[in-house]
Amino acid sequence: RGYIDRAPREDDMEFVDGGDVALRVPGGAGGPAVLVKNLYLSCDPYMRGRMRDFQGSYIPPFKPGSPIEGAGDFVSGMTGWEDYSLITKPEQLRKIQQSDIPLSYHLGLLGMPGFTAYVGFYEICSPKKGEFVFVSAASGAVGQIVGQLAKLHGCYVVGSAGTDQKVELLKEKFGFDAAFNYKEEPDLAAALKRHFPEGIDIYFENVGGPMLDAVLLNMRIHGRIAVCGMVSQHGLTAPAGIHNLFSLVSKRIEMKGFIQSDYLHLFPQFVDDITKHYREGKIAYVEDMSIGLESGPAAFVGLFSGKNVGKQVVCVSQD
Ligand code: NDP
């Protein structure tokens, strides 16, 4: 409905009758376009940033009154949150090849979040076998893949998540060596010290705020921090203070932010590698599917209170 500077609410979004999509073709019906029936929509934290008209962002804001955009499938690409979308730049659609893998997985495991985990871990973290890896928001779309890639690489991996159910998932389903519920830890630095008595080599940062501050105190010399996202900071006009940045100097830490779309040349390699791991049973995947286009706003808003267990998708239609 309009730009916001606070946590998103369901009533920030509305359902409208979009009329005949064919009429939206530039130059009228018959122009170059592909009509896509949307089956699954992806809910991603970065979309919250597109609800602000913020100049410093890496992606343009949504237009109030227009359909929310997000990725979707048999082809995958940016479509609208609507039943049908008209795509006037068909070259931006990616054809899905792996018919044995559930369609919705192409929005997570084999889509943008999985790719984020892949480039973030291999390109930014410079991982070595035997290193100590910590992942926050670890049961989410990106975190669950990062943790499993780190295990496949021979690292020791600990994850944090916001419920005991998610902690169980990390240990039982995704094979993390250990995990903890950060909401039940009064002292995050002490919790990390308990899990990493020798310190952390690699921190895969998804949340920011007090967790980052606690991690800085627990990093090892020459550690790496891959700054993937800071979901706790998205809507804040005055981001939470970080007090321990001097650790970057004293411990010679490399802290680097990245955006997955800068690495798209690696996408085919990513799809090959992850498809192989998945088919061989070496990678598990959990998604949280809400049913019906009408469930989209609640599913999206739920990302910011941790309601989702695994990758949040919205099923618009199964056929
Ligand atoms: P998730 O599936 O992990 O969903 C978000 C999760 O974040 C929630 O389930 C919740 O888990 C946690 N969370 C929400 N609010 C807070 C908070 N205030 N403090 C701590 N944790 C919170 O999302 P994704 O895996 O899709 O995204 C993870 C991160 O990666 C995000 O920061 C996102 O912006 C970033 N990202 C970056 C990309 C890039 O190119 N750099 C691309 C894609 C994603 P819990 O219950 O555990 O708290």
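In what follows, Ala, Val, Leu, Ile, Met, Phe, Trp, Tyr, Cys and Pro count as nonpolar, Asp, Glu, Lys and Arg as charged, and the others, Gly among them, as polar. The model discussed here is a predicted one.

Q: What makes up the shell around the ligand, by class of residue?
A: The shell has 15 nonpolar, twelve polar and three charged residues. Among the 30 residues that surround the ligand, the closest are G140, G162, G229, S232 and G306, and the Gly residues count as polar under the classes used here.

Q: From which domains does the shell around the ligand draw its residues?
A: The shell draws at least three residues from each of domain 1 (10-108 + 286-315) and domain 2 (112-261). The centres of these two domains, taken over C-alpha atoms, are separated by 28 Å, while eleven residues of domain 1 are in contact with 17 residues of domain 2. On the side of domain 1 that touches domain 2, there are five nonpolar, four polar and two charged residues.

Q: Why are helices α2 and α3 called oblique to each other?
A: The axes of α2 (residues 112-124) and α3 (residues 143-152) come within 8 Å and cross at roughly 45 degrees. Angles under 35 degrees count as roughly parallel and those from 65 to 115 as roughly perpendicular, and α2 and α3 are therefore oblique to each other.

Q: Which residues make the contact between α2 and α3, and how do they divide by class?
A: The contact is made by G114, A117, Y118, G120 and F121 of α2 together with I145, V146, L149 and A150 of α3. These residues divide into seven nonpolar, two polar and no charged.

Conventions. Residues are numbered from 1 along each chain as its sequence is written. This is a predicted model: local features need pLDDT of at least 70, side-chain atom pairs count only at pLDDT 80 or more; totals for chains, interfaces and linings use all residues. Axes are lines fitted to C-alpha atoms, for helices over the stretch in contact, and angles run from 0 to 180 degrees between N-to-C directions. Helices (H or I, at least four residues) and strands (E, at least two) are DSSP runs, numbered from the N terminus. Angles under 35 degrees count as roughly parallel, over 145 as roughly antiparallel, 65 to 115 as roughly perpendicular and the rest as oblique. Two residues are in contact if their C-beta atoms, placed from the backbone, lie within 7 Å. Domain bounds come from an automatic or database domain assignment. A residue is near a molecule or strand if its C-beta atom, placed from the backbone, lies within 6 Å of it.
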